[in-house]
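Work through these exercises with the structure open beside you. Try each task before you read its solution.

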Amino acid sequence: QVQLVESGGGLVQAGGSLRLSCAASGRSFSTYFMGWFRQAPGKEREFVARVNQYGGGVFYGDSVKGRFTISRDNAKNTVYLQMNSLKPEDTAVYYCAGTSRSAKYYSTETYDYWGQGTQVTVSS
């Protein structure tokens, strides 16, 4: 079993930045691919970013490419999402997720473990 806890969300003006953190429990964090998803009210959960076990193999959703950066620190059992140049359409609950699989990184069905989410609100 793995528990994931997100933090770092909040309210920020358009054009600003936030860094989200996801802290994982257990001894197996370094074996997981880690991803970030987001969900706005009434909308489907959307893929944001994925990183492999080693801190490489990164992928981003089209809507965040060039603005967001995913990274991890296995010694701290933590994955990060640096969000720059934020837009009002980035407003959502952001979820951290983990999986042992590399395929279909963009699908929620790939991930076995999920955090409770952290709210990000971007004002115009």
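**Exercise 1. Give the strand order of the open sheet of four strands, and state how the strands pair.**

Step 1. The order is S1-S3-S8-S7, and the pairing is antiparallel. Strands here are DSSP runs of E with at least two residues, numbered from the N terminus. Two strands pair if DSSP finds at least two bridges between them.

Step 2. Find the edges. They are S1 (4–7) and S7, each of which pairs on one side only.

Step 3. Look at the twist. It averages 15 degrees from one strand to the next. For such angles, axes are lines fitted to C-alpha atoms, and the values run from 0 to 180 degrees between N-to-C directions.

Step 4. Zoom in on one pair. S1 and S3 run antiparallel and are joined by four bridges. Ser-7 stands opposite Ser-21 in S3.

In general, strands of a sheet pair through backbone hydrogen bonds, either parallel or antiparallel.

A note on the source: this is a predicted model, in which local features need pLDDT of at least 70 and side-chain atom pairs count only at pLDDT 80 or more, while totals for chains, interfaces and linings use all residues. Residues are numbered from 1 along each chain as its sequence is written, and side-chain values use heavy atoms, with hydrogens and water left out.

**Exercise 2. Find which cysteines form a disulfide, and state its handedness.**

Step 1. Apply the rule: a disulfide is a pair of cysteine sulfur atoms within 2.5 Å. The count comes to one.

Step 2. Name the pair. Cys-22 and Cys-96 have their sulfur atoms 2.1 Å apart.

Step 3. Check the torsion. About the S-S bond it is about -80 degrees, so the disulfide is left-handed.

Step 4. Cys-22 sits in S3 (residues 18–24) and Cys-96 in S9, so the pair links distant parts of the chain, 74 residues apart.

Step 5. Check the surroundings. Both Cys-22 and Cys-96 are buried, where buried means under 20% relative accessible area, exposed over 50%, and partly exposed in between (1.4 Å probe, protein chains only).

**Exercise 3. State how many salt bridges the structure holds, and trace the network that some of them form.**

Step 1. Count them. The structure holds five salt bridges. Each is a side-chain nitrogen of Lys or Arg within 4 Å of a carboxyl oxygen of Asp or Glu. Side chains of opposite charge can pair when their charged atoms come close.

Step 2. Take Glu-46 and Arg-38. Their closest N and O atoms are 2.9 Å apart. Glu-46 is partly exposed at 33% relative accessibility, whereas Arg-38 is buried at 5%.

Step 3. Take Arg-67 and Asp-90. They meet at 2.7 Å, N to O. Arg-67 lies in the loop between S6 (59–60) and S7 (68–73), and Asp-90 in the loop between S8 and S9, so the pair ties together parts 23 residues apart in sequence. Both residues are buried.

Step 4. Join them up. Salt bridges that share partners link Arg-38, Glu-46, Arg-67 and Asp-90 into one network.
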